[in-house]
Amino acid sequence: MLPHALWLQGAASIRRWFEGMHSELRALPTAANGSFALGVYRTERPGGADDGFDLQVVEVSAGRITAIHCYLDPSLFPPFDLPARLDG
């Protein structure tokens, strides 16, 4: 899969990006390889269901986030006990 044209660096830029997307994104926590992870969902239209979008695995070192690995493949959700869709 080709890289996504988005690069965020530092807590402030990540926070601003997520806050700007608050109405389009929802997330459910899970774990992947012993790390904290999120199943991220997004809606295409207001009031519609949220479809699985990506799995984000958070890498932490010394109590700080050092990387977020995004897998833009919602077919990965079932092994992590994540539903494919969240109802509005």
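Reply: Below are the salt bridges, a surface patch, a strand pairing and some backbone angles.

Me: What am I looking at, and what are the ground rules?
Reply: This is a predicted model, where local features need pLDDT of at least 70, side-chain atom pairs count only at pLDDT 80 or more, and totals for chains, interfaces and linings use all residues. Residues are numbered from 1 along each chain as its sequence is written, and side-chain values use heavy atoms, with hydrogens and water left out.

Me: How many salt bridges does a search of the whole structure find?
Reply: Two. The criterion is a side-chain nitrogen of Lys or Arg within 4 Å of a carboxyl oxygen of Asp or Glu.

Me: Which residue does Arg26 pair with?
Reply: Asp50, with the closest N and O atoms 2.7 Å apart. Arg26 sits in strand E1 (residues 25-32) and Asp50 in strand E3 (residues 50-61), so the bridge ties together parts 24 residues apart in sequence. Strands here are DSSP runs of at least two residues, numbered from the N terminus.

Me: Is Asp50 buried or exposed?
Reply: Buried, at 5% relative accessible area. Arg26 is partly exposed, at 37%. Buried means under 20%, exposed over 50%, partly exposed in between (1.4 Å probe, protein chains only).

Me: And what does Asp51 bridge to?
Reply: Arg85, again with the closest N and O atoms 2.7 Å apart. Asp51 is in E3 and Arg85 in strand E5 (residues 85-86), so this pair ties together parts 34 residues apart in sequence. Asp51 is partly exposed, at 29%.

Me: Switching topic. Which residues make the nonpolar surface patch?
Reply: Val60, Ile65 and Ile68, covering about 260 Å². Val60 is in strand E3. Patch residues have over 30% relative accessible area and no salt bridge; nonpolar side chains (Val, Leu, Ile, Met, Phe, Trp, Tyr) are joined within 5 Å, like charges within 9 Å. Areas are Shrake-Rupley with a 1.4 Å probe, and for residues only the protein chains shown count as cover.

Me: How do E1 and E2 run, parallel or antiparallel?
Reply: Antiparallel, with eight bridges joining E1 to E2 (residues 35-42). Pairing requires at least two DSSP bridges between the strands. Thr30 has Ala37 in E2 as its bridge partner. The hairpin has two residues between the strands, and Asn33 takes a positive phi near 50° there.

Me: Where is Ala62, and what is its phi?
Reply: Ala62 is in the loop between E3 and E4 (64-71), with phi near 55°. Ala62 is exposed, at 80%.

Me: What about Asp81?
Reply: Asp81 has a positive phi of about 55° without being a glycine. Asp81 lies in the loop between E4 and E5 and is exposed, at 73%.

Note on methods: Helix = DSSP H or I, 4+ residues; strand = E, 2+ residues; numbered from the N terminus.
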